[in-house]
Amino acid sequence: MTGFPILSLMLLVPLVAAVACLVVPREQARSVALIATLIDFVLGVILWANYDIGGAQWQFTESAALFAGFSWKLGIDGIALLLIALTVFLMPVCIGASWTSIDKREGEYYAAFLVMETLMIGVFAAQDLFLFYIMFEAGLIPMYLIIGVWGGADRIYASYKFFLYTLLGSVLMLIAMFWMVNEAGTTDIPTLMAYNFPVEAQTWLWLAFFASFAVKMPMWPVHTWLPDAHVQAPTGGSVILAGVLLKMGGYGFIRFSLPMFPEASAQFAPLVFFMSMAAVVITSLIALVQTDMKKLIAYSSVAHMAIVTVGLFAFNQQGLEGSMLIMLSHGLVAGALFLSVGVIYDRLHTREIARYGGLSINMPYYAVFFLLFTMASIGLPGTSGFVGEFLSLIGIYQISSWVALICTTGIILGAAYMLYLYRRVAYGEQKNADAAAMPDLDKREWAMMIPLAAVVLWMGVYPESFIAPMRKDIAALDARLAQAKPKGDAQPTAGQGTSGKPMAAHNSGHSAAHNAAPEGAH
Amino acid sequence: MDFARSLALTAPEILISVSGLVLLMVAAWGGDKASRRISIASVAVLTACAFLTAPTLWGQAMGPDVSAFGGQHRADAFAAFAKLLIYASAGVTLIIAQPFFDKAKAMRAEFPLLVLFASLGMGMMVSAGDLLALYIGLELNSLASYVLASSLRNNERSAESGLKYFVLGSLASGILLFGMSLTYGFTGTTSFAGINAALSGGLPTGATFGLIFMLAGLAFKISAAPFHMWTPDVYEGAPTPVTTFFATASKVSALGLLMRVSFEAFGSQTQAWQQVVIFMALLSIVIGALGAIGQNNIKRLMAYSSINNVGFILIGLATATRAGASAMLVYIAIYVAMSVAGFVAVLLLRDENGEQVEAISDLAGLSKTRPWIALAMASVMFSLAGIPPLFGFWGKFVVFQAAVQADMIALAAIGIAASVIGAFYYLKVVKVMYFDEAADVVKGTGETSHTVLLVLSTLAISPLGYLGTKCLGTLADYATAALIPVG
């Protein structure tokens, strides 16, 4: 496989198919899209199969100096591999979810989706700073159109909010990128990841990147675009938004903020913890009172992403691995939950929880899948949700037991709102005749649910398959972060108070960075 | 010998002047029936001039070898870069104007000639090496432009736009002339090199006033805030092909002139004009963005968008570095492509009576009735907003990169944050075309020549444009090297 530009091919296939979707007759657009996404899925499987676990850090690298100022440079490590795998796995499901529910302007719809796929893979595979930025930003256009054209009643407000919020976040990051490239003299991401930026500058750079990633993630209090966008997007759009787009924020933290600005990350960790704790408690409580199913799941996404951020800023292997696993698991589970909502939405055309009830009687198979995904969202052992959350919380416990305590309430609240949702939808009396008359899953829906359920269980029972590819990369990141690592309060410390400790560690981190700077310049 | 060399260096200008005069005779005897032939001949003249100019750019011409008539005229790579854009824009204007005026039954033989003379003036502006050459070029261009703006004689809006342009333009010329006379008075020379040498020791107060007045006059010509007020009215009222001409060729020449004056005449006193330029840049970005939000006429919206874009171009000037100047040229070239695509798309929108559709609300649902025009228009809008992967992003990219390299991070951060306000109204146009129910106003069919131009310019601003970044960047660097000599 060496030398074969498989990543470029994976980017090209959906792009070509997107153009094809615009020109073929509208009834055939969905088939073109499905075939293209399946080809990309196969390529993704080949990619994973050929990925050399424990081998070079960057594999499948390609480089071509096509442009002025930056280059076409691709390559993946284990972290990117997993997220690309998630993308190509979810895309056929999204196409399937849209198979019958999209009945206007199909060609444009599937074209927008395929362009999204190209850009998402591009984000994870880009090894050039500006190539990354272009891919990262370009995703706004197709998503704006998907929400605005095929979304629900309040779609226009939601599409503006989505676009302008994320744009404002990203443009500041662009300025920071210019500064970094000017300082380091390269646009190569792996080089920049090892470059030691001056500590004072890191503060500003970190904040600029944070503005972008926090909005994408989304973190409280800049999460408000998400419930609107999710609720108004069509099912396929919600799946891809929750499944992959939100992961760009977390990926950004792992790829940029943490390795490039370790000291600033340590300095701002309390801010991240505060925002995450607030998100876990506040959005979980908000989710509890939602009457709209999609909104409930959207708020639960914010809460889950908050646990990702605390895990990332725990600065240790468990926390980082846990965060990655939550991202993968959330991608599957939130996608599957939106799909489950989509299944009944297609039948009754409402997302009001109160309009359903007792679905386990007339839709038993559906109820089983929905239960599985609900449990996975809660984080029941044996499902994918458990592993990541457990690891993340272990990671954060080593840093701050208080943060761990408050974030763990998210698990309890999560159980509350998800079980409450499930009880109202699937159990109880069949008080609505039309809901009671809905048929169970058809073949197409089975075909989408089975793979999702299988992977959710696989990740829950044998997470090693997913940890193995990224172990070395996470360890490298952990080693990179060691210079700035704050000391935890949960360590037994003989006869000393714990207050002020992280601060002292932070200061020593600064001086360590000063010492390390000349070395990094070579 | 020296005179012959000067003539050779001004060959494109001489060619335009002579053929313009000859065609004027043809127009006088042939009447309006000859207008089509005159248009074709004019496009041929412009093409020939482009071929005459191109080698100057390739050859990186610079220095005293390429200055003609005792330094009055400079046929260097910088002038060539700007002239190629001007000739291309003028050619596009002529191509789209013929069918437009034919439809309105208002084609007159003078029209192509005025475009030709305006291009001549523009070429002289960007080649100017002396305040006098500058002013002659500027006035030749302006007077032709005033007439062009009112070339739909029976249309009230067109007449109004011409008059407004004339009154305000004359005021600006007056201000510019006042600034020039102050500068002359305090430096004792009208040549750019002489002014630069005279000011290298320090800037007398009188020359500062001269500089400020000159900047004010030029700011009017490039429609930078706070001297932008005429732009929306003139852009809206003038016939669409003429608006295209104003948005492209006029902008290029005025910006080229501004660069000449800033870097050549006042190159030793950069800090004196930098603050003014920063102020104008930020104000233009904000006013352009806020002003556009309330507009319902697509041409007015494009006018505010041009104010907004001039703000971004001025950020490149504010850096006062070579990278900044080169970035400006790249931005200008991309802006010309975006404007051409935008206005040609507007030209293709006609209702069932063949009347021009200009109201944004009438574009509702265009993506269903005219999907390809809508796609082109959406590309223009996203490109103007600077969203990657469209090519408009590249213009912003190089300009802001230059600003960060010049350590003007606050300026870059404020400017780029303000660009998000601008994104709002571009999105509004996309929203109307894609999200709203079809208004079914756009009926008519467009000309083939328009369609071809639209396809070409849309391809240029599509992601394919990035493949041209290397070439464009190199040419802009050649041009900048001629403007700001190394060392």
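Trainee: Which residues have the most contacts inside the largest nonpolar core?
Mentor: The largest nonpolar core has 398 residues, and those with the most contacts inside it are I84(A), I175(A), F81(B), Y331(B), I332(B) and A479(B). A nonpolar core here is a set of buried Ala, Val, Leu, Ile, Met, Phe, Trp, Tyr and Cys residues joined through C-beta atoms within 7 Å, and a residue is buried if 20 or more other C-beta atoms lie within 10 Å of its own, exposed if 12 or fewer, and partly exposed in between, with C-beta atoms placed from the backbone.
Trainee: And which helix gives the most to this core?
Mentor: Helix α14 (residues 322-347) of chain B does, with 20 residues; helices (H or I, at least four residues) and strands (E, at least two) are DSSP runs, numbered from the N terminus.
Trainee: Before we go on, how should I treat the model and its labels?
Mentor: This is a predicted model, in which local features need pLDDT of at least 70 and side-chain atom pairs count only at pLDDT 80 or more, while totals for chains, interfaces and linings use all residues. Residues are numbered from 1 along each chain as its sequence is written, and chains are lettered from A and ligands numbered from 1 in the order in which they are written.
Trainee: Back to Y331(B): what is it in contact with, leaving aside neighbours within four places in sequence?
Mentor: Y331(B) is in contact with F312(B), I313(B), G316(B), G395(B), V398(B) and V399(B), where contact says that the C-beta atoms of two residues, placed from the backbone, lie within 7 Å.
Trainee: New topic: how many residues does each chain bring to the contact?
Mentor: Chain A brings 25 residues and chain B brings 26 residues. On the side of chain A that touches chain B, the elements giving two or more residues are α5 (129-138), α6 (140-150) and α7 of chain A, and the largest share, 13 residues, comes from α7(A).
Trainee: What kinds of residues are on that side of chain A?
Mentor: They divide into 21 nonpolar, three polar and one charged, where Ala, Val, Leu, Ile, Met, Phe, Trp, Tyr, Cys and Pro count as nonpolar, Asp, Glu, Lys and Arg as charged, and the others, Gly among them, as polar.
Trainee: Why is α7(A) described as largely enclosed?
Mentor: Because 22 of its 30 residues are buried, α7(A) is largely enclosed by the rest of the structure. Just after α7(A), G185(A) takes a positive phi of about 75 degrees.
Trainee: Where does A423(B) lie, and is it buried or exposed?
Mentor: A423(B) lies in helix α18 (residues 409-434) of chain B, and A423(B) counts as buried because 23 other C-beta atoms are within 10 Å. Leaving aside neighbours within four places in sequence, A423(B) is in contact with L164(A), L167(A) and A385(B).
Trainee: Last one: how do strands β1 and β2 of chain A pair?
Mentor: Strand β1 (residues 59-64) of chain A and β2(A) pair in the antiparallel sense over four bridges, and strands pair if DSSP finds at least two bridges between them. In β2(A), I76(A) is the bridge partner of Q59(A), and strand β2 (residues 72-76) of chain A is mostly covered, with four of its five residues buried.
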